[in-house]
Amino acid sequence: MFDRTYRQRLEADLAQWEADGVIAPAAAVSIRNALPPLSPGVNVAVVVGIVGGLLIAAAFLAFVAAHWTEIARLLRFAILIAGMIVAGGLGAWFAGTGRTVLADLCASIGAIIFGAGIALVGQMYHLGDDFAGGMLLWSIGALAAALLTESRGALAVALVAASIWTCMRIYDAPDALHLPFVAVWPLAAALALAWNSRVAAHLVAIAVLPWWIATSLRFEFDGAQPSFVLANGAALLFGAGLAIAAAPSPRALRLGSVLSIYGAFSLAAVAFLEVTTVDDIIRFRTGTAPAQPLWAILCGGAGVILALASAAITRRAGEVLAGCSIGLLLLAAPLWPASTAGEPWFAYAALLCAMLCLVVSGMLDEVRPRIVAGWLGIAGVIAGITWAVKGSLLRRSAFLGAAGIVAVAFATALNRALPRTGR
């Protein structure tokens, strides 16, 4: 959760515990003193200042663009350099006065001007027409700015440019994996870990999704089924997040928890996609080649291993079920071609069990986003099974009814077993 929300809940709990006599007043004071100071929030004045700064920057860029052809080349280049210097200088001044949000905004604007400068200089001097290479250069410059200033906005600019770069490279060469992005992404993850920033962790988690999606949509690559390739990516993201969070470090806990949340929602989305894209609702793959490349299968297996390793370290039953959820989702992929003569009932059952395990995992570990992801996955799978084009709707209703009866019987057995075990 966000630090400010956590502090508000903690303050309310401390006041209640102190009033009930659970803790002594001195203990409450010690707890409050042990907490680090909160970073300054974004108030109304800061928001208005940000909007005003963006409007002034937009007006300046529009004015320059309107007279761009009338300005000499050397003066154009000087304007771009001056823009970056002014943005950096203002950012340093804001940082010196403790206005971190405005300083971050200035660093972000400087990174954006740097990218515009790459494009405009290339256009002025007719440099090579390698748009993807320009995006890579922009990403490197923005990443360097983020490293020097600890700007979350500059990191966001760097990751957006890197995502565009890798998607363009994948489009240009669909017959080969674009591994350079896999080498660049850990640098951003290392920054998020070093900063101990939840915002940076969210940016890093989001940035890995375009690479996996673009890679899975390369239809020329062995005729792979996109949803199955995505399933392996979601498994690796979820398992790696759990494993990182299991490390004995608050920084690793923050980064790993965010990665695992995105992995859980990715699992839910993939469960829905496996039903809708494989079972004739939306048909992507028509060839007879293997549905999954070997490297993707290895990534999915690594996700299961990492989740179970995390469960062994933390001794949490919920993470064991998280590993089971990943495994069941991956198991649905080979079960689909095994039922070409009829409907893939076993695959449907595996997906429903996977999402149910995800919900129970979140409940046992008290991780609300994991619970929400599991429920969304259950809803998506049920909707996909119900409205699939292939097969008899009567048989599907019988399958869903039987699955509901099994779930109710399992819930009854759990309800009787829980009081005896004291859980």
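This is a predicted model: local features need pLDDT of at least 70, side-chain atom pairs count only at pLDDT 80 or more; totals for chains, interfaces and linings use all residues.
**Helix packing and buried residues**

Reader: Are H7 and H8 roughly parallel or roughly antiparallel?

Author: Helix H7 covers residues 152–172 and helix H8 covers residues 180–195, and their axes lie 11 Å apart. The two pack at an angle of about 165°. Angles over 145 degrees count as roughly antiparallel. That is why H7 is, relative to H8, roughly antiparallel.

Reader: Which residues of H8 does H7 meet?

Author: From the H7 side come Arg-152, Leu-155, Leu-159, Ala-162, Ser-163, Trp-165 and Thr-166. On H8 they meet Pro-180, Phe-181, Val-184, Ala-188, Leu-191 and Trp-195.

Reader: And how many residues of that contact are nonpolar?

Author: The contact of H7 with H8 includes two polar residues and one charged residue. The number of nonpolar residues there is 10.

Reader: Let's pick out Thr-166. What is its relative accessible area?

Author: Thr-166 sits in helix H7. Leaving aside residues up to four places away in sequence, Thr-166 touches His-178, Phe-181 and Trp-211. Buried means under 20% relative accessible area. Thr-166 is therefore buried, as its relative accessible area is 0%.

Reader: Is Ser-266 buried or exposed?

Author: Ser-266 belongs to helix H11, residues 250–278. Not counting residues up to four places away in sequence, Ser-266 touches Leu-209, Ala-234 and Leu-237. The cut-off is under 20%. Since its relative accessibility is 16%, Ser-266 counts as buried.

Reader: How about Ala-116: what is its relative accessible area?

Author: Ala-116 has its place in helix H5, residues 100–124. Its C-alpha atom is separated by 8.7 Å from that of Trp-138, 22 residues apart along the chain. Ala-116 is partly exposed because its relative accessible area is 33%.

Reader: Now for H4: what distance does it reach from its first C-alpha to its last?

Author: Helix H4 spans residues 73–96, which is 24 residues. At 1.5 Å a residue, 34 Å is expected. The reach of H4 is close to that, at 35 Å.

Reader: Which residue with a positive phi follows H4?

Author: Within H4, the buried residues include Arg-76, Ile-79, Leu-80 and Phe-94. After the helix comes a residue whose phi is positive, near 85°, and that residue is Gly-98.

Methods
Residues are numbered from 1 along each chain as its sequence is written. Side-chain values use heavy atoms; hydrogens and water are left out. Helices (H or I, at least four residues) and strands (E, at least two) are DSSP runs, numbered from the N terminus. Buried means under 20% relative accessible area, exposed over 50%, partly exposed in between (1.4 Å probe, protein chains only). The expected span of a helix is 1.5 Å times one less than its number of residues. Axes are lines fitted to C-alpha atoms, for helices over the stretch in contact, and angles run from 0 to 180 degrees between N-to-C directions. Angles under 35 degrees count as roughly parallel, over 145 as roughly antiparallel, 65 to 115 as roughly perpendicular and the rest as oblique. Contact means heavy atoms within 4.5 Å. Ala, Val, Leu, Ile, Met, Phe, Trp, Tyr, Cys and Pro count as nonpolar, Asp, Glu, Lys and Arg as charged, and the others, Gly among them, as polar.
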